Amino acid sequence: MTAFKEKAVLMDADGIRRALLRISHEIVEKNKGTEHLVLVGIRTRGVFIAERIATEIARIEGIAPPRGVLDITLYRDDLNELSYQPLVRPTEMPQGITGKTVVLVDDVLYTGRTIRAAMNALLDIGRPKSIQLAVLIDRGHRELPIRADYVGKNVPTAAHEDVSVQLYDTDAEEKVVIRECI
């Protein structure tokens, strides 16, 4: 198991809130409202971020877009390399996604492999009109040609660093930190 030490706090709770508020406004503006829009959070923290974005969109537009939960475990390209038995949890979609604009939501965009797996999982469920991507943090180091449509914060990182998003929903505190491998 790799050990990390906290190097710097990138965002506090207010910074996270402001970033998600901005992303919510950008989603509404780009899509001219919420009609035919579905937010899909990638387990685990992407689900909670998608819920927060949906809440903000409801404040803006008066109606929250439908939300889904996507588990990409079986779509990972490193599944056969894992030394542990992965836990597969259910994928939950509120309705069909065919013909809809799906906004995939995740906490950190890094190599792009998680998003590739998520797109494959979505396409097994239906055929969206389009897929957009919203992330709280984009840390660079892409291995696949994937980019986010909505970004809370771009953070250049070194390969030996890690970005950790901590939310009250899953953690004891709310912040985004950069950590160094020790």
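Colleague: Let's start with Arg52. Does Arg52 count as buried, exposed or partly exposed?

Modeller: Buried means under 20% relative accessible area, exposed over 50%, and partly exposed is in between (1.4 Å probe, protein chains only). Arg52 has 22% relative accessibility, so Arg52 counts as partly exposed. Keep in mind that this is a predicted model, where local features need pLDDT of at least 70 and side-chain atom pairs count only at pLDDT 80 or more, while totals for chains, interfaces and linings use all residues. Residues are numbered from 1 along each chain as its sequence is written, and side-chain values use heavy atoms, with hydrogens and water left out.

Colleague: Which residue forms a salt bridge with Arg52?

Modeller: Side chains of opposite charge can pair when their charged atoms come close. The rule here asks for a side-chain nitrogen of Lys or Arg within 4 Å of a carboxyl oxygen of Asp or Glu. Arg52 pairs with Glu174, and their closest N and O atoms are 2.5 Å apart. This pair links distant parts of the chain, since Arg52 sits in helix α2 and Glu174 in the loop between β7 and β8 (175-181), 122 residues apart. Glu174 counts as buried because its relative accessibility is 9%.

Colleague: How many salt bridges does that rule give?

Modeller: The count comes to 17. One of them joins the side chains of Arg113 and Glu143, at 2.6 Å from N to O. Arg113 is in helix α3 (residues 113-125) and Glu143 in the loop between β5 and β6 (150-154), so the pair ties together parts that are 30 residues apart in sequence. Arg113 is partly exposed at 32% relative accessibility, and Glu143 is partly exposed with a relative accessible area of 47%. Another bridge joins Asp149 to Arg147, with 3.5 Å between the closest N and O atoms. Here Asp149 is partly exposed at 25%, whereas Arg147 is exposed at 60%. There's also a network of salt bridges linking Glu6, Glu173 and Lys175.

Colleague: Which residues have the most contacts inside the largest nonpolar core?

Modeller: Such a core is a set of buried Ala, Val, Leu, Ile, Met, Phe, Trp, Tyr and Cys residues joined through side-chain atoms within 4.5 Å. The largest has 26 residues, and Ile27, Ile53, Val103, Leu136, Ile137 and Val176 have the most contacts inside it. Elements supplying at least two residues each include α1 (13-30), α2 (45-61), β4 (101-109) and β5 (130-138). Helix α1 gives the most to this core, with six residues. Apart from it lies another core, of 19 residues, among them Val40, Ile72, Val102 and Ile115.

Colleague: Last one: which residues does UniProt list for the PRPP-binding motif?

Modeller: UniProt positions use the numbering here, feature names are shortened, and annotations may be inferred rather than shown by experiment. The unreviewed entry lists residues 102-114 as a short sequence motif, PRPP-binding. Over residues 102-114 the chain is 15% helix and 62% strand, with the end C-alpha atoms 16 Å apart.

Conventions
Helices (H or I, at least four residues) and strands (E, at least two) are DSSP runs, numbered from the N terminus.
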